[in-house]
Every structure is written in structure tokens, then in C-alpha cells.
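Welcome, and please open your viewer before reading on. We will go from stop to stop, selecting a few residues each time.

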Amino acid sequence: MEELFAGRHFDREVIILCVRWYLRYKLSFRDLVEMMAERGLHLAHTTILRWVRRFAPEFIKRWNRLGRSAGCSWRVDETYIKVRGEWTYLYRAVDKTGQTVDFRLSRTRDVSAAKAFFKQAIRHEGRPPQTITLDGYAASHRAVREMQEDGLLPRSTRLRTSKYLNNLIEQDHRGIKSRITPMLSFKNFSSAVITIAGVELLRRIQKDQFSLSRLRLKNQAAPTLWNAVLAT
């Protein structure tokens, strides 16, 4: 893990703490600057911004080594995220127990975007779903049917529409939106992708979607757990 933080002026514990708290809680960069100042650490808000962009992808990669697969019944929906004043579309899926399957930020909301999301989610899970529940948006239904015709999804995968069942994913959006909304608006698409992925990671940790038993760290505090995961 030392090579990950090599050459950094601040101790790795400070970097991990700032990135973790920013992604998990409704804190601005300046809130964190003030909180660190109370601990005798003086840093600029742009420093924390750079840490999020630099380290969030690496944290995701290392946590994913311990990730558990979600279930095979997916609830899929899109929500809106503003990037540089323009609306973009966050495709998300959870299983029937609310575990996060995958997510993808897209500039468009159409058949191609839906296909890209489903392909990514299948790669991430390592298997296709048995059931996909969608809302009434026609492009997503067409994407599933075309993928079945092209052999990218099994024909046995059941496609259904149920607003009642999709309440689960709509409620789950709130956990992401409640953290993203205080950020006001992302300045560019790549920054939005990194930050949202980091927020999704912290949500998955909160949902206990990682197999940590082999680390033998039951009931340990978050800093100890994070150090162990990043060292794997």
C-alpha cells in the first residue's frame, strides 16, 4: 500500500479519511478543510478535490477484490444528474434485496445507453440476470429485447414492468442523490464519473456487500478496516 501514497506530503491516514468522509457524508471540501484545521492540519480544498480524483478509483479497485455478487433479479432505472449545467443519466440496478448490482453515467438516455449499461452490469456480475424489472420507458425494453436477439442476454431472462417492484430502485436512488445534490453541479463529465463511483462504493460498504471475513477484523473501527482492505 505504501507505493499508492508515495511522495504525498500528508500521511495516508489523512488522505483516506478525507476521501472517505467526503464520499460518505454531506460535507463540502471546505467543511473538511475546517475539520482538519481543528486537528492541526492545514490544507487547501483543492488538495482534497485532487485526492478524490486520484485515489477514489484505486480505492474502488481494491475494495472490488472483496465484492460479493448481487442476486439475479434486477430492478433497473435511471435518474438525472446535472453535469456542467446539462442533465445526464445515471443508470442503476439493484437486486430484489436492495443490493447494488451496478451503475453507469451516460450523456444520453436511449437504446445504446441502456445496452451499454446492461453489458457492463453483466461483466461486473459475471453472469446475466434471470429477471429484469423496468419502468415503462420504451428504450430500455427495446435494449433488452435486442440483446436477447443478439445472444447477449439469454432468451430465458424474464422482462417485466412493475412500478410497485421498481419502488425499490427508486428509493435506492435517494441514497445517491442525497449525497450528490449538496455538491450542486459537477464541472465535467469525468469528474462526475469518478465521484459518483466513489459515492456508490461507500453505499455498497454501508450495505455490507463485501466479504471481509478473511481479513479477521470483526468489530474493528473503520480506519483499521480500510487499511486492511487497501493493503490486500
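How many residues does H1 have, and how far does H1 reach from its first C-alpha to its last? Select residues 12–24 to find helix H1. H1 has 13 residues and reaches 18 Å between those two atoms, close to the 18 Å expected at 1.5 Å a residue. Keep in mind throughout that this is a predicted model.

**Stop 1: around H1**

Show the side chains of H1 now. Ten of the 13 residues are buried, so H1 is largely enclosed by the rest of the structure. Among the buried ones are Val14, Ile15, Ile16, Leu17, Trp21 and Tyr22.

Next, zoom in on the N-terminal end of H1, which aspartate 11 caps. A side-chain oxygen of aspartate 11 lies 2.9 Å from the backbone nitrogen of glutamate 13.

While you are here, pick cysteine 18, which is buried with a relative accessible area of 0%. Cysteine 72 is buried too, with a relative accessible area of 17%. How many disulfides are there? With a disulfide taken as a pair of cysteine sulfur atoms within 2.5 Å, the count comes to zero.

**Stop 2: helix H8**

Select residues 222–231 for helix H8, whose buried residues are Leu225, Trp226, Asn227, Val229 and Leu230. The cover over these residues includes H1, helix H3 (45–64) and helix H7 (189–206).

**Stop 3: the sheet**

Now switch to a cartoon view and look for the strands. Five of them form an open sheet in the order E3-E2-E1-E4-E5, with mixed pairing. Strand E3 (100–106) and strand E5 (158–161) stand at the edges, each with a single partner strand, so one side of each is left without a neighbour in the sheet. From one strand to the next, the twist averages 25 degrees.

Select strand E1 (residues 73–83) together with strand E2 (residues 86–95): they pair in the antiparallel sense over ten bridges. Two pairs to pick out are lysine 82 with its bridge partner tryptophan 87 in E2, and tryptophan 74 with aspartate 95, also in E2. The hairpin of E1 and E2 has two residues between the strands, and there arginine 84 takes a positive phi near 50 degrees.

Move on to E3, which runs antiparallel to E2 and is joined to E2 by six bridges. Here arginine 92 stands opposite phenylalanine 103 in E3. The hairpin of E2 and E3 has four residues between the strands, with glycine 98 at a positive phi near 95 degrees.

**Stop 4: helices on the sheet**

Which strands does helix H5 lie across? Select residues 138–149 and you will see H5 lying across E1, E2, strand E4 (131–134) and E5, running at about 170 degrees to E5. Helix H6 (residues 167–180) packs on the sheet as well, where H6 touches E1, E2 and E3. The direction of H6 makes about 30 degrees with that of E1.

Finish at glutamate 146, which lies in helix H5. The side chain of glutamate 146 makes a polar contact of 2.6 Å with the side chain of lysine 115. Leaving aside neighbours within four places in sequence, glutamate 146 is in contact with Val111 and Lys115.

Definitions and conventions. Residues are numbered from 1 along each chain as its sequence is written. This is a predicted model: local features need pLDDT of at least 70, side-chain atom pairs count only at pLDDT 80 or more; totals for chains, interfaces and linings use all residues. Side-chain values use heavy atoms; hydrogens and water are left out. Buried means under 20% relative accessible area, exposed over 50%, partly exposed in between (1.4 Å probe, protein chains only). Two strands pair if DSSP finds at least two bridges between them. Axes are lines fitted to C-alpha atoms, for helices over the stretch in contact, and angles run from 0 to 180 degrees between N-to-C directions. Contact means heavy atoms within 4.5 Å. The expected span of a helix is 1.5 Å times one less than its number of residues. A polar contact is a pair of N or O atoms within 3.5 Å; within protein, one must be able to donate a hydrogen and the other to accept it, and residues adjacent in sequence count only if both atoms are side-chain atoms.
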